[in-house]
Amino acid sequence: MELLEFLDFVKRGEMPDAPDVCAFMHEMSEEARRITFELNSAYRSPDEVRALVSRLFGREVDTSFRLFPPFYTDFGKNITVGRNICYH
C-alpha cells in the first residue's frame with residue numbers, strides 16, 4: 001500500500017480490513033515513533049526540529065514553522081501545517 005492510497009481511504013471514511021493495510025499502518029506508526037523519540041530526546045535547533053517534523057509529516061514544513069517539543073503522534077503523515085505556525 002502507498003501513502004496516498006491509504007490517506008484516500010481514510011479521507012473517504014473507509015478502512016479495508018486487509019493484511020497490507022495493517023502492515024502499512026504498523027510501519028507508519030513505527031516510523032512516527034522513531035522520529036518523535038529522536039525529536040523529543042535532546043535539544044534540537046529550530047532547523048533540526050523542522051527537518052525532523054518534515055520527515056514525520058512526509059512533506060517540507062515552512063521555515064517559519066516553530067515547534068517546542070515534546071510532540072507526539074501515532075502517524076504523522078496526515079498532518080499538514082501552514083506558515084507562521086508556532087506549536088507549544
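The model is predicted, so local features need pLDDT of at least 70 and side-chain atom pairs count only at pLDDT 80 or more, while totals for chains, interfaces and linings use all residues. Residues are numbered from 1 along each chain as its sequence is written, and side-chain values use heavy atoms, with hydrogens and water left out.

**Overall fold**

- The chain holds three helices and two strands, in the order α-α-α-β-β along the sequence; helices (H or I, at least four residues) and strands (E, at least two) are DSSP runs, numbered from the N terminus.
- Taken along the principal axes, the C-alpha atoms fill a box of roughly 40 × 25 × 20 Å.
- Of the 88 residues, 28% count as buried; buried means under 20% relative accessible area, exposed over 50%, and partly exposed in between, with a 1.4 Å probe and protein chains only.
- The accessible surface comes to about 5900 Å², and 54% of that belongs to carbon and sulfur atoms; areas come from the Shrake-Rupley method with a 1.4 Å probe, and for residues only the protein chains shown count as cover.
- Among contacts between residues at least 6 apart in sequence, 29% join residues at least 24 apart, where contact means heavy atoms within 4.5 Å.

**Nonpolar cores**

- A nonpolar core is a set of buried Ala, Val, Leu, Ile, Met, Phe, Trp, Tyr and Cys residues joined through side-chain atoms within 4.5 Å.
- The largest one has 12 residues, including Ala32, Ile35, Val49, Leu56, Phe65 and Phe71.
- Helices H2 and H3 (46-57) are the elements that give two or more residues to this core, and H3 supplies the largest share, five residues.
- Apart from this core lies another, of six residues, among them Phe6, Val21, Phe24 and Phe75.
- Leaving aside neighbours within four places in sequence, Phe65 is in contact with Arg50, Val53, Val81 and Ile85.
- Thr36, in helix H2, is buried at a relative accessible area of 3%. Beyond its neighbours within four places in sequence, Thr36 is in contact with Leu56, Phe71, Tyr72 and Thr73.

**Helix H1**

- Phe6, Leu7 and Phe9 are the buried residues of helix H1 (residues 3-11). Seen down the helix axis, these buried residues fall within an arc of 155°, so they line one face of H1; the arc is that of the directions from the helix axis to the C-beta atoms.
- Leu4 and Lys11 are exposed on the face of H1 turned away from its buried side.
- Helix H2 (19-40) is part of what covers the buried residues of H1.

**The loop between E1 and E2**

- Ile85 sits in the loop between strand E1 (66-67) and strand E2 (86-87), and it counts as partly exposed at 31% relative accessibility.
- Phe68 lies in the loop between E1 and E2 too, and is partly exposed at 42% relative accessibility.
- Most peptide bonds are trans.
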